[in-house]
Amino acid sequence: MFACCVEESDAQVVVMIDHVEGMDLQQMEERKAGKVEERTVRNENYFAGLARSRPVAPAEKAVEPEPPKKEQQMDEPEKEHEQELQDRVAVGAGVAVREIAEATHSKRQTKLPTVLKALAKIKLVDANGLALTCFAFSTWMFFAFLCNVDEVGGKNNGVFYMGDMLSWGVSMGLLISGIVQGLNGDHLGFTSYVFHAPILGTIGRNFKLAVSLGPDAAPFHLIGFFCYAAAWFNCIFTVMAFRIAKMFGVLYASVGLMFLLVGMNFEKLLGDAKDATDKTGDYIAGVSCLIVSLQCCYLIVPVMTGKAKIV
């Protein structure tokens, strides 16, 4: 017996064809009548064409059941041990996370101590004005003495006051000016002011010694060489000063010339050394001191008012 089943969208047709070698009388009669044969042939032709156009899908493979997972294969003791390990790991991770969170929270809440740094800034003033005043009044007094203004070199002799003026007034003023300018970073001001302080103080000390000895005092020839050295140093200061400001360059050039003339006058080279009444050398040296004094008095104004032109 052969059975064939075909499934359509809305109807199911089952065709059964029986091939039997022997047929009973009723079937023979129906065949003779042509009913069964006609229906069978028609159905066979229809389903044969349908089978050719739409092949039957292969039968699906049986899905094998998945093997049980490892957890399912574990017995009860192993499951308990595995769960205990997982609990320990979870507890450790939780503790670590909690500690990190607490540390971060405490760090945010902790206020860092405020550190106050005390910075002391010392602002130093310009000391060029003080140095100019010292040069101005000292050279002014030299001019008055050498040129015998109001007979301060004669009957109104004021040489007694020259010593202390040079030893204390000028030397201390220039020394302070030099230190301040050194702290301000002024190389020229520090060197020149500190140098002129001892040289003028020394000349003042020599004046006091000469006055105390009177006629027994030795001539000032050796002090003249001291002034020559000062003239050379002022030539160097002149070159440095012209790089900073022209007005200071002119002043240092005048100071160098003044020291040269004063030194030559100490050696009696500007007049007749044999004639005691010859005052030519005193007048020449006095005029050079006056030129320096007037320059200093003039430069005090722009330096003190801040209008000095630095070029």
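Me: In this predicted model, how many residues does α5 have, and what distance does α5 reach from its first C-alpha to its last?
Reply: At 1.5 Å a residue, a span of 27 Å is expected for α5. The computed reach is close to that expectation. Helix α5 has 19 residues and reaches 27 Å.

Me: Which residue just after α5 takes a positive phi?
Reply: Helix α5 covers residues 128–146. Just after α5, a positive phi of about 55° is taken by N148.

Me: How many helices and strands does the protein have, and in what order do the elements run?
Reply: From the N terminus on, the order is β-β-α-α-α-α-α-α-α-α-α-α.

Me: What share of the residues of the protein count as buried?
Reply: Residues count as buried when their relative accessible area is under 20%. The protein has 311 residues, and the share of them that count as buried is 29%.

Me: Among contacts between residues at least 6 apart in sequence, what share joins residues at least 24 apart?
Reply: A contact here requires heavy atoms within 4.5 Å. Of the contacts in the protein between residues at least 6 apart, those that join residues at least 24 apart make up 70%.

Me: What is the volume of the largest pocket, and which residues are the closest to its centre?
Reply: The largest pocket has a volume of about 960 Å³. Its lining consists of 35 residues. The closest to the centre are F145, F220, K268, K279 and D282.

Me: Which element gives the largest share of the lining of the largest pocket?
Reply: The elements that give two or more residues to this lining are α5, α6, α7, α9 and α10. By class, the lining has 20 nonpolar, nine polar and six charged residues. The largest share, four residues, comes from α10.

Me: Where does α6 bend, and by what angle?
Reply: Helix α6 has 25 residues, and its reach of 36 Å from first C-alpha to last is close to the 36 Å expected at 1.5 Å a residue. Just after α6, G185 takes a positive phi of about 85°. The bend in α6 is at M165, by about 40°.

Me: What separation is found between the C-alpha atoms of V180 and L124?
Reply: Leaving out residues up to four places away in sequence, V180 touches L124, V125 and A127. V180 and L124 lie 56 residues apart along the chain. Their C-alpha atoms are separated by 7.0 Å.

Me: How many cavities of 30 Å³ or more does the structure hold, and what is the volume of the largest cavity?
Reply: The structure holds two cavities of 30 Å³ or more. The second largest cavity has a volume of about 50 Å³. For the largest cavity, the volume is about 130 Å³.

Me: Which helix gives the most to the lining of the largest cavity?
Reply: Residues in this lining include F135, S138, T139 and F142. The lining divides into nine nonpolar, two polar and no charged residues. At least two residues each come from α5, α7 and α9. The most, four residues, are given by α5.

Me: Which helix gives the most to the lining of the second largest cavity?
Reply: The second largest cavity is lined by L132, F135, Y193, F248, L251, Y252 and V255. By class, this lining has seven nonpolar, no polar and no charged residues. Helices α5 and α9 each supply at least two residues. With four residues, the most comes from α9.

Me: Which residues is N234 in contact with, leaving aside neighbours within four places in sequence?
Reply: N234 is found in helix α8, residues 221–244. At 0% relative accessibility, N234 counts as buried. Beyond its sequence neighbours within four places, N234 is in contact with H196, Y252, V255, G256 and F259.

Note on methods
Residues numbered from 1 in each chain as written. Predicted model: local features only at pLDDT ≥ 70, side-chain atom pairs only at ≥ 80, totals over all residues. Heavy atoms only, no water. 1 Å grid on protein atoms, 1.4 Å probe; cavity = no way out; pocket = protein on both sides within 12 Å on 5 of 7 lines; lining within 4 Å. Points joined across faces, edges and corners; volume = space filled by probe spheres on them. Nonpolar A, V, L, I, M, F, W, Y, C, P; charged D, E, K, R; others polar. Expected span 1.5 Å × (residues − 1). Bend = angle between axes of the 7 residues up to and from the residue. Buried < 20%, exposed > 50% of the residue type's maximum accessible area, 1.4 Å probe, protein only.
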